[in-house]
2 protein chains.
Amino acid sequence: MTSRNDIEKRFKALQKKICDALEKLDGKSAFRSDQWTRPEGGGGLTKVLTDGEVIEKGGVNFSAVHGHAPKKITDALGFGPSKFYATGVSIVLHPQNPWMPIIHMNIRYFDMSPEDPEAESTYWFGGGIDLTPHYVDLKDAGFFHKALKTVCDKSDPMYYDRFKKWADDYFYIRHRKETRGIGGIFFDRLNEMNEQHSFEELWDFVVNVGEQFIPVYQYFVEKYAHKPYDEPHKQWQLLRRGRYVEFNLVWDKGTKFGLDTDGRTESILMSLPANASWSYDYQPIAGSDEEKTLSLLKKDIDWISYA
Amino acid sequence: MTSRNDIEKRFKALQKKICDALEKLDGKSAFRSDQWTRPEGGGGLTKVLTDGEVIEKGGVNFSAVHGHAPKKITDALGFGPSKFYATGVSIVLHPQNPWMPIIHMNIRYFDMSPEDPEAESTYWFGGGIDLTPHYVDLKDAGFFHKALKTVCDKSDPMYYDRFKKWADDYFYIRHRKETRGIGGIFFDRLNEMNEQHSFEELWDFVVNVGEQFIPVYQYFVEKYAHKPYDEPHKQWQLLRRGRYVEFNLVWDKGTKFGLDTDGRTESILMSLPANASWSYDYQPIAGSDEEKTLSLLKKDIDWISYA
């Protein structure tokens, strides 16, 4: 049976595999590694690549932390005082080239054991992959979602539709009335109680999601990393990064939770771009690629139909 | 007696006066004006200046809105269903020159009338001025705080100490364990119940705070707007702006409330800079001006002692 330790090891190996592959794809910069410990228990390994050929700023974070669960969490879950354990891999890559998308992946395992020996413990898996193109291309969106559907279908024919909708709802910038990008899949609290799948089956699914990251990203690197662009494309990329910052700091529950509970700030905020812009009441030119992208930042688009 | 209408008119006149003065100080760019209405009642006038000689991006917003108070607010205040009215002027100026500080001012009036005719209504004034220098200079900080103390002392000898501490606590970036800048004054819920002052005295205080804005800003424009700087100073300014964005999007209650209650996003987020940067785990050089500034981003510094 897969233990906490097995999960941790597998996540760490995945981090290494992904970083090795990204360095190869980038061809110029290498990851810098920061090992850190959490005073209350556990720690992590944060890897950051900057000023690459393909990636301007990217982070691949592994962590495995444990301790007493904050009251906020136990209350929200209807638990009494409990110990928790959480491990995961989290990635955000901001590319140099505006034709390249921003990509985000996260996979995680969480469990909680009440101090009351009579009370039941719980665990779950969560995660997802989602894409934030600066310019939305329907064919690319189709490719991306199809790749995610393939992974989902291996585990459960219902997963893709459920988790695609979940991503649409989660990665929504409410105050802009637009989605962060073209979504992807998002899932949380997967466990035997909520699903028709065993612990081992859920774990397989999570590993498969993690393994899908590089093939998907490679498609975009090969297609766009060296595509010529002009200054206006770069300006637009900076504005879209501004929206990314807004989502992460205002709405993202993981970021909020991390900052609220004294997480390691530099690891949490490695998701922010090297630079971003804000322009008061920016309006794209009618008929432009920028306007087309804005018109596609909506929930419930059937991207696969464009594959 | 001063009516809602008088307050609104005075705030609007102050907005015009401040914008006229800022255009003169800037010498290059003019404010663009956007009149807007709020579907649920009221509206505002947002004025934004961009690409100036002194100001890179600055907003001076006036609003006067009314309607049914959101349940979140009435619950928090222990009120039943109520109508509210709120008017105020809000300013954030991001300068071009890194030697210039970012400045923020807000003054506001709020009242609430329960629908239950037996229940008592309430009102209050709130606001403040605070400064976020990219480089902290003790003498300037002394000047700034002394100017605020002078305004406070006209109304109440206790005000400056109370409101200076309130600003220290409010403008604190918890996840960075640093203050946003050198603070200033911050006050809220000033009314006859909480203070030893009449409505008219409190209103006078708020007007005096508003009138202090231009003289204070002028000091910095004259001293720093044309001081030569190098690329590393500009880079540092962008990093400090990143922190400003973090505070506003993560911790600022006004921003959060506006975004949560479907306020006019472009007016709320006019506080964000034209551009900002993030650098993973940035460490200033030992003994540098940047390090000195970081060492001064703390609560409870007696700035006036450096005047």
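Two residues are taken to be in contact if their C-beta atoms, placed from the backbone, lie within 7 Å. The model is predicted, with local features needing pLDDT of at least 70 and side-chain atom pairs counting only at pLDDT 80 or more, while totals for chains, interfaces and linings use all residues. Residues are numbered from 1 along each chain as its sequence is written, and chains are lettered from A and ligands numbered from 1 in the order in which they are written.

B:Ile129 lies in strand S6 of chain B, residues 122-133, where strands (E, at least two residues) and helices (H or I, at least four) are DSSP runs numbered from the N terminus. B:Ile129 counts as buried because 26 C-beta neighbours lie inside 10 Å, the cut-offs being 20 or more for buried, 12 or fewer for exposed, and partly exposed in between. Leaving aside residues up to four places away in sequence, B:Ile129 touches B:Met105, B:Leu148, B:Gly184, B:Ile185, B:Val209, B:Gln212, B:Phe213 and B:Val216.

Between the chains, 24 residues of chain A are in contact with 24 residues of chain B. The following elements of chain A each supply at least two residues to the side that touches chain B.

| Element of chain A | Residues |
|---|---|
| Strand S2 | 42-50 |
| Helix H6 | 231-251 |
| Helix H8 | 265-268 |
| Strand S10 | 275-277 |

H6(A) gives the most to this side, with five residues. S10(A) runs antiparallel to strand S10 of chain B (residues 275-277), to which three bridges join it, pairing being assigned if DSSP finds at least two bridges between two strands. Within S10(B), B:Asn275 stands opposite A:Ser277.
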